[in-house]
Amino acid sequence: MRLVKGDWWPDRDRTCHSSSYNLEGCEAAAKLCKKHDLVIQAGGNVGVWPRHLSGLFQRVITFEPSIENFDLMVKNLPS
């Protein structure tokens, strides 16, 4: 694993980290929501979007099927 912009990423990643920090789509989607009490996000990856969403919504539920990415997401996100 390697550290990129303060987050741990798998060594195998060569491209995802370069686009994950573009949060414009996240911001645009949040503006369309009438309520901000809960968001369900699929593909938590290493935690960049779930962390950002936690500042926009009261509760964030995310799913990450890759065990490696899930473990890094847990490591990257505050408890």
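**Fold, salt bridges and cysteines of a predicted chain**

Proline 78 is exposed, its relative accessible area being 69%; here exposed stands for over 50% relative accessible area, buried for under 20%, and partly exposed for what lies in between (1.4 Å probe, protein chains only). This proline sits in the segment after helix 4 (67-76), where helices (H or I, at least four residues) and strands (E, at least two) are DSSP runs numbered from the N terminus. Between the C-alpha atoms of proline 78 and asparagine 22, which are 56 residues apart along the chain, the separation is 21 Å.

The model is predicted, so local features need pLDDT of at least 70 and side-chain atom pairs count only at pLDDT 80 or more, while totals for chains, interfaces and linings use all residues. Residues are numbered from 1 along each chain as its sequence is written, and side-chain values use heavy atoms, with hydrogens and water left out.

Turning to the overall fold, the chain contains 4 helices and 4 strands. Read from the N terminus, these elements follow the order β-β-α-α-β-α-β-α. The radius of gyration, taken over C-alpha atoms, is 13 Å, close to the 12 Å given for 79 residues by the globule rule (2.2 Å times the number of residues to the power 0.38), so the chain is as compact as a globular protein of that length. The C-alpha trace spans about 40 × 25 × 20 Å along its principal axes. Of the 79 residues, 30% count as buried. Among contacts (heavy atoms within 4.5 Å) with a separation of 6 or more, 44% come from residues 24 or more positions apart.

Salt bridges come next. With a salt bridge taken as a side-chain nitrogen of Lys or Arg within 4 Å of a carboxyl oxygen of Asp or Glu, a search of the whole structure finds 2. In one of them, arginine 51 pairs with aspartate 7, and the closest N and O atoms are 2.8 Å apart. This pair links distant parts of the chain, with arginine 51 in helix 3 (residues 48-53) and aspartate 7 in strand 2 (residues 7-9), 44 residues apart. Aspartate 7 is buried at 2% relative accessibility, whereas arginine 51 is partly exposed at 31%. Arginine 12 and glutamate 68 also form a salt bridge, their closest N and O atoms being 2.7 Å apart. Arginine 12 is exposed, with a relative accessible area of 51%, and glutamate 68 is partly exposed, with 38%.

The cysteines can be described briefly. A disulfide is a covalent bond between the sulfur atoms of two cysteines. When a disulfide is taken as a pair of cysteine sulfur atoms within 2.5 Å, the count is 0. The sulfur of cysteine 16 has its closest cysteine sulfur in cysteine 26, and this distance of 14 Å is too far for a bond. Cysteine 26 is likewise in no disulfide, the nearest cysteine sulfur being that of cysteine 33, 9.5 Å away. Cysteine 26 is buried, with a relative accessible area of 3%, while cysteine 16 is partly exposed at 26%.

Helix 1 (residues 16-20) includes histidine 17. Histidine 17 counts as buried, at 18% relative accessibility. Neighbours within four places in sequence aside, histidine 17 is in contact with Arg2, Val4 and Trp9.

On the surface, Leu38, Ile40 and Phe63 make up a nonpolar patch with about 310 Å² of accessible area together. Patches consist of residues with over 30% relative accessible area and no salt bridge; like charges are joined within 9 Å, and nonpolar side chains (Val, Leu, Ile, Met, Phe, Trp, Tyr) within 5 Å. Phenylalanine 63 is in strand 4 (residues 60-63) and is partly exposed, at 49% relative accessibility.

Finally, the backbone. Most residues other than glycine have a negative phi. Lysine 5, however, has a positive phi, near 50 degrees; this residue lies in the loop between strand 1 (2-4) and strand 2 and is exposed, at 67% relative accessible area. Asparagine 45 also has a positive phi near 50 degrees, and its place is in the loop between strand 3 (39-42) and helix 3.

Definitions and conventions:
Accessible areas come from the Shrake-Rupley method with a 1.4 Å probe; for residues, only the protein chains shown count as cover.
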